[in-house]
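Look at the chain and its ligand below.

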Amino acid sequence: MHVFHLSSAEETHALGHALGRVARAGVVVALHGELGAGKTTFSQGVGHGLGVKKPIVSPTFILMTEYDDGRLPMLHADAYRLDAHEVPDMGLDEALEVWAGVALVEWASRVSEHLPAEYLSIHFRHTGAGRTAEVHAKGDLHSAVMTDWTQQYGV
Ligand SMILES: Nc1ncnc2c1ncn2[C@@H]1O[C@H](COP(=O)(O)OP(=O)(O)OP(=O)(O)O)[C@@H](O)[C@H]1O
Ligand SMILES: [Mg+2]
């Protein structure tokens, strides 16, 4: 477990950027936190770190977006507007099973039954004007990536 203190949106972006630099195929990132906590800002940083050139927009209304122009393909999903009965139709389980890149899921707790057994979870919380990000790794791949990530970020 690791807690990052992020005093600005730029720091949230930089934390994501560091993960994008070291992420490996098969990394799944479950993003938690209330409205405006920084999940999309972080995801934009990951995309930037992967070298994605296309603008990374909030996928809230389109549920899943793929970005294929970076070092690894990136899948960005947002479960905020989903009702539980809609999740099977969204195809998230199938997408994550075969995804040979990095996958980020905003509002992951809404689709927790549809996530794989191993992932990085990040809980963003408001602290005054800034945020904290509490990160947990499940499984060998994600633990190894977390080590690389904290080194890359410089902690
Ligand atoms: N560490 C930070 N300190 C201050 N502001 C931040 C920080 N990180 C992100 N922000 C700002 O918070 C706002 C909301 O961020 P963002 O859209 O990433 O949140 P979100 O968790 O994706 O929200 P939603 O649940 O609506 O999808 C943005 O204006 C962003 O610049
Ligand atoms: Mg968002």
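The largest nonpolar core has 38 residues, and Val29, Leu31, Val102, Leu104 and Val105 have the most contacts inside it. Such a core is a set of buried Ala, Val, Leu, Ile, Met, Phe, Trp, Tyr and Cys residues joined through C-beta atoms within 7 Å; buried means that 20 or more other C-beta atoms, placed from the backbone, lie within 10 Å of a residue's own. At least two residues each come from H1, strand S2 (28–32), H2, strand S4 (74–78), strand S5 (102–106), strand S6 (120–127), S7 and helix H5 (140–153). Helices (H or I, at least four residues) and strands (E, at least two) are DSSP runs, numbered from the N terminus.

This is a predicted model: local features need pLDDT of at least 70, side-chain atom pairs count only at pLDDT 80 or more, and totals for chains, interfaces and linings use all residues. Residues are numbered from 1 along each chain as its sequence is written, while chains are lettered from A and ligands numbered from 1 in the order in which they are written.

Seven strands form an open sheet of mixed pairing, ordered S1-S7-S6-S2-S5-S4-S3; two strands pair if DSSP finds at least two bridges between them. Strand S1 (2–6) and strand S3 (64–67) are at the edges with a single partner strand each, so one side of each has no neighbour in the sheet.

Around ligand 1 there are 18 residues, of which Leu6, Ala9, Lys39, Thr40 and Thr41 come nearest; a residue counts as near if its C-beta atom, placed from the backbone, lies within 6 Å. Helix H1 (9–22), helix H2 (39–50) and strand S7 (130–137) each give two or more residues to this shell.

Terms used:
A residue is buried if 20 or more other C-beta atoms lie within 10 Å of its own, exposed if 12 or fewer, and partly exposed in between; C-beta atoms are placed from the backbone.
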